[in-house]
Amino acid sequence: GVAVPLLPNLVALIKTGSAKPNQRSEGAMALFLVAAASGADDVSLKQATALGAWTSLSSDSTFFAPAHLAKLGCEDALCAALGVGALLGCVDVREALEPGVTQAAVRT
């Protein structure tokens, strides 16, 4: 629960970053933080889910589209990779994202 007070702002950054390429760096960092918190803490997972953190993620969002990822700087690309790794490492999040993750895997 330590991350719960930060989640509303972080989820807002995820939603904005998934739709707007000019804010993908901030969104990638937020995605990593929310996914890591959700993987470590059930309260954070429930709060992130309730706030719609996972509904904004799709295979064509800026976090998964190769054309957008190629434009990230080195540190931002690392953060995006860590965020995706944290998403895939959290079983509950992975199950929630399964349709979107499957589509992303098929397209790449």
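Author: S44 counts as buried, with a relative accessibility of 1%. Buried means under 20% relative accessible area, exposed means over 50%, and partly exposed lies in between, with a 1.4 Å probe and protein chains only. The model is predicted: local features need pLDDT of at least 70, side-chain atom pairs count only at pLDDT 80 or more, and totals for chains, interfaces and linings use all residues. Residues are numbered from 1 along each chain as its sequence is written, and side-chain values use heavy atoms, without hydrogens and water.

S44 sits in helix 3, residues 42–50. Helices (H or I, at least four residues) and strands (E, at least two) are DSSP runs, numbered from the N terminus. Which residues does S44 touch, its neighbours within four places in sequence left aside? They are A3, V4, L7, A37 and S38. Contact means heavy atoms within 4.5 Å.

V2 counts as exposed, at 81% relative accessibility. Along the chain, V2 and S44 are 42 residues apart, yet their C-alpha atoms are separated by 8.2 Å.

Helix 2 and helix 3 have axes 5 Å apart and pack at about 130°. That angle makes helix 2 oblique to helix 3. Axes are lines fitted to C-alpha atoms, for helices over the stretch in contact, and angles run from 0 to 180 degrees between N-to-C directions. Under 35 degrees counts as roughly parallel, over 145 as roughly antiparallel, 65 to 115 as roughly perpendicular, and the rest as oblique. Helix 2 passes helix 3 in a left-handed crossing. A crossing is left-handed if the near helix is turned anticlockwise from the far one by less than a right angle, and right-handed if clockwise. From helix 2 come V34, A37, S38 and A40; they meet D42, S44, L45 and A48 of helix 3. By class, this contact has five nonpolar, two polar and one charged residues. Ala, Val, Leu, Ile, Met, Phe, Trp, Tyr, Cys and Pro count as nonpolar, Asp, Glu, Lys and Arg as charged, and the others, Gly among them, as polar.

Helix 2 also meets helix 1. On the helix 1 side, the contact is made by L7, L10, L13, I14 and G17; helix 2 gives R24, E26, G27, A30, L31, L33 and V34. Eight of the contact residues are nonpolar, two polar and two charged.

Next comes helix 5, residues 74–89. Helix 2 packs against helix 5 at about 30°, with axes 8 Å apart. These two are therefore roughly parallel. S25, A28, M29, L31, F32, A35 and A36 of helix 2 meet D76, C79, A80, L82, G83, A86 and L87 of helix 5. The classes are eleven nonpolar, two polar and one charged. C79 counts as buried, at 8% relative accessibility. C74 is exposed, at 70%. The structure holds zero disulfides, meaning pairs of cysteine sulfur atoms within 2.5 Å.

Last, the whole chain. There are six helices and zero strands. Of the 108 residues, 37% count as buried. Among contacts between residues at least 6 apart in sequence, 64% join residues at least 24 apart.
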